[in-house]
Amino acid sequence: MLSNYLARFDDHANFLHATRQPPFNIHFHLHRGCEIFFLIRGDVNYFVDKAVYPLRIGDLIITNEHEIHKPALTTDALYERVTIEFDPAMIALFRTEQLDLLECFYDRPIGERNKVRLNEHDRSALAELFAKFDDLRKQPAPESLVVKLGCLLEILALVHRCYYKQQEKDIGLDLPSQLAPVLAYLDRHLAEDLSLERLESLFFISKFHLSRLFKKHTGSTIHEYILYKRIALAKALLREGRSVTEASMDAGFNDYSGFLRMFKKKVGLLPRQYAKQHQASWNK
């Protein structure tokens, strides 16, 4: 099993170190696996599900494949970050009775306790591991795959240790009073009609004002948010063994063919392929 992952290691562990000058917008999105986000430079509020985390240089955000997320840049300061997206099925092979490196990614409610604040020593150690991983990626050698895997495990071990030694878990900023109950309602009623007209009648707030408020505080549209929440729910239902039809309906997609197209576009696989892949490999 491990040899299969090593043979295509870069498909199962995607490293990115990028710098970009604002202004620009990043939309809500989902990944096929887990992700570590490490802020090097920039002024960022990071959205995960309904939570908003203000970040400082050296902060981490950790997410799993069911958590929609996006960074929102609050100024035009240069933006630099490192991300590693990895396949949890590969890391699950190293689970023991004493240690589960995936625990901090899953042993918490969706969209909660995603932020990890590091001290100076841990920031430096993590930056060195990222640099090592990047060097191995740029200068491949026969032993590079095994060393990269070892480096990834070191990174995850450090993240795991820092996550659990935090005395207080950051719950993020409070959303505006008009927006918070709307997001809470969306979370509980994804299978229902969530048109702007419906939300307007439920919350006695103009659909135009709601749209502007959501865009102002997230940088994205409420339609995009609902779409990714529904995709995330469909993924979870498929992993539980529900049929494609059931997942489509229960996640709020009333158009079956539209669901297939949108799922393929956002996830990269058709729903049936996704279900087969995840039920066969690893189920968390």
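User: Why is the largest cavity said to lie between domain 1 (1–165) and domain 2 (175–280)?

Analyst: In this predicted model, both domains give residues to the lining of the largest cavity, so the cavity lies between them. The lining includes Phe28, Phe47 and Asp49, along with Leu175, Leu183 and Phe214. Strand 4 (51–54) and helix 9 (207–218) are the elements that give two or more residues to this lining.

User: What makes this space a cavity, and how much space lies in it?

Analyst: A cavity is a set of points where a 1.4 Å probe fits but cannot get out. About 40 Å³ of space lies in the largest cavity. With a cut-off of 30 Å³ or more, the count is 1 cavity.

User: How do the residues of the lining divide into nonpolar, polar and charged?

Analyst: There are 8 nonpolar, 1 polar and 2 charged residues. Asp and Lys count as charged, and the lining has Asp49 and Lys50.

User: What makes strand 4 and strand 6 (69–73) edge strands?

Analyst: The order in the open sheet of 3 strands is 4-3-6, with antiparallel pairing. Strand 4 and strand 6 each pair on one side only, and they are the edge strands. From one strand to the next, the twist averages 20°.

User: How do you know that strand 3 (residues 44–48) and strand 4 pair?

Analyst: Two strands pair if there are at least two bridges between them. Strand 3 and strand 4 have 4 bridges, in the antiparallel sense, so they count as a pair. Tyrosine 46 stands opposite tyrosine 53 in strand 4.

User: Why is arginine 113 called partly exposed?

Analyst: Buried means under 20% relative accessible area and exposed means over 50%, with partly exposed in between. Arginine 113 has 26% relative accessibility, so it counts as partly exposed. The residue is in the loop between helix 4 (103–106) and strand 8 (115–116).

User: Is phenylalanine 204 buried or exposed, and what is the reason?

Analyst: The relative accessibility of phenylalanine 204 is 78%, and the cut-off for exposed is over 50%, so phenylalanine 204 counts as exposed. This residue lies in the loop between helix 8 (196–203) and helix 9. Phenylalanine 204 also has a positive phi, near 50°, and is a residue other than glycine.

User: Which peptide bond is cis with omega near 10°, and where is proline 23 placed?

Analyst: The cis bond runs from proline 22 to proline 23. Proline 23 is in the loop between strand 1 (13–20) and strand 2 (34–41).

Terms used:
Residues numbered from 1 in each chain as written. Predicted model: local features only at pLDDT ≥ 70, side-chain atom pairs only at ≥ 80, totals over all residues. Heavy atoms only, no water. 1 Å grid on protein atoms, 1.4 Å probe; cavity = no way out; pocket = protein on both sides within 12 Å on 5 of 7 lines; lining within 4 Å. Points joined across faces, edges and corners; volume = space filled by probe spheres on them. Domains from an automatic or database assignment. Axes fitted to C-alpha atoms, helices over the stretch in contact; angles between N-to-C directions. Buried < 20%, exposed > 50% of the residue type's maximum accessible area, 1.4 Å probe, protein only.
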